[in-house]
Amino acid sequence: MACRICSGRLHPFADFGRQPVSDAFVLPADPGEEFFFDLAVGVCESCAMVQLLHEVPRERMFHDGYPYLSSGSAVMREHFRALAGRLLATELTGPDPFVVELGCNDGTMLATIAAAGVRHLGVEPSGGVADLAAARGVRVRKDFFEAATAASIRAFDGPADVVYAANTLCHIPYLDSIMKGVATLLRPGGVFVFEDPYLGDVVERASFDQIYDEHFYLFSATSVRAMARRHGFELVDVERLPVHGGEVRYTLAREGARTPTAAVAELLVAEEAAELAAPATLSAFAGRVAGIRDGLVDLLTGLRARGATVYGYGATAKSATVLNYCGIGPGLVPLICDTTPAKQGRLTPGSHIPVLGPEAFADPYPDYALLFAWNHAEEIMAKETAFRDAGGSWILYVPDVYLVRG
Ligand SMILES: [Zn+2]
């Protein structure tokens with residue numbers, strides 16, 4: 001099997017078995033025929049890029065019914081507002097600046113740019129969330145971004161000062177076409193800024209649920225620098241971000257256009273010291289993950305045996321990997337509560353656990369709540385004080401299986 005970036009040899013290191021499309025929630029009355037694929041991961045022996053071995057067709061993942069909303073969390077709204085403010089202050093200061101966001105979702109970031117009166121365009125293939133962005137005054141093009149899209153945007157709008165993408169680039173197997181598009185679209189001195197889950201955090205926390213159909217790549221500074229150089233770009237800045245369980249924000253500029261910050265060298269050195277992409281490191285990660293699976297299934301089986309109730313909290317895309325890899329179904333977790341209307345009244349993909357609205361969580365409270373949205377743990381636990389007061393406990397499973405008592 002060959003690397004999607006450089007055609008180097010892939011070393012497989014983890015296999016999570018047969019998995020559904022993570023956001024394909026099914027109707028109870030008409031489950032239809034679900035699409036499954038083998039969720040296996042490998043690392044390129046040449047460029048160190050960690051990637052899935054099998055690809056899910058993009059139309060199966062990013063369609064009009066795509067249910068994830070960037071604006072769903074107060075922490076994320078503030079994260080994007082701060083980033084927009086920084087771009088406005090540092091990169092969008094020339095005459096008539098222009099910023100393009102790839103995968104703008106519901107326009108959470110671009111709404112701040114639009115409010116400042118700055119020219120912008122969101123490119124978003126998922127029609128439902130694109131409509132939400134348009135409703136907030138964001139200019140949106142409903143499309144997948146690739147080389148041809150970039151050429152037509154440049155012809156109409158001129159070059160961009162900033163191309164930005166949050167939790168989008170790692171979704172896209174055909175990065176070659178994206179990078180060609182960015183090279184076409186960016187002004188000579190412009191920057192390509194993107195943020196995605198960081199391999200270093202996934203390995204350190206054993207957060208295996210960051211691996212699912214939509215996360216085709218797990219980036220590191222080492223692999224991003226190699227990928228950038230293939231397209232005449234240099235990695236000029238990196239920033240560790242606490243959101244979504246640990247991400248890095250990468251800034252690319254054309255080779256020679258900017259001097260890389262000290263943070264780039266620091267992260268590259270840290271990755272080398274940790275042997276982050278070494279087969280031994282990644283095999284050890286896979287071993288820890290198998291231990292988490294066994295521990296979680298033992299805990300849930302034991303709780304069921306003594307009559308305790310366990311509800312899931314947050315029918316996240318990430319939860320698909322946990323549920324299907326661990327073989328957890330409605331027998332162990334009878335329901336999952338989620339605030340996303342598009343998921344409510346449906347069953348989780350593959351594992352077929354009913355998803356109900358947040359009101360079901362308190363009606364009455366379960367003894368335990370399995371927190372699939374662990375990346376928002378602080379925000380959620382602060383909100384659910386009544387669950388704690390009712391004697392409830394949270395179950396978490398990264399970096400290991402543990403309980404947080406009320
Ligand atoms: Zn490679």
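Which residue in S2 does Pro 20 stand opposite? In this predicted model, Pro 20 stands opposite Phe 36 in S2, and the two strands concerned, S1 (residues 10-20) and S2, pair in the antiparallel sense over eight bridges.

Strand S2, which spans residues 36-44, is mostly covered, with seven of its nine residues buried. S2 also pairs with strand S3 (residues 50-52), again in the antiparallel sense, over three bridges, and within this pairing Val 43 stands opposite Val 50 in S3. Five residues lie between S2 and S3, which together form a hairpin, and in its turn Ala 48 has a positive phi of about 70 degrees.

The strand pairings may be set out as follows.

| Strands | Sense | Bridges |
|---|---|---|
| S1 and S2 | antiparallel | eight bridges |
| S2 and S3 | antiparallel | three bridges |

The zinc ion is coordinated at 2.3 Å by the SG atoms of Cys 3, Cys 6, Cys 44 and Cys 47, donor residues whose spacing in sequence is C-x2-C-x37-C-x2-C. The arrangement is tetrahedral because the four donor atoms subtend angles of 99 to 116 degrees around the zinc ion; for four tetrahedral donors, the ideal angle at a metal is 109.5 degrees.

Notes
Residues numbered from 1 in each chain as written. Predicted model: local features only at pLDDT ≥ 70, side-chain atom pairs only at ≥ 80, totals over all residues. Heavy atoms only, no water. Buried < 20%, exposed > 50% of the residue type's maximum accessible area, 1.4 Å probe, protein only. Helix = DSSP H or I, 4+ residues; strand = E, 2+ residues; numbered from the N terminus. Pairing = 2+ DSSP bridges. Donors = N, O, S within 2.8 Å, 3.2 Å for Na, K, Ca; no water. Tetrahedral: all angles 85-135°; square planar, octahedral: opposite > 155°, others 65-115°.
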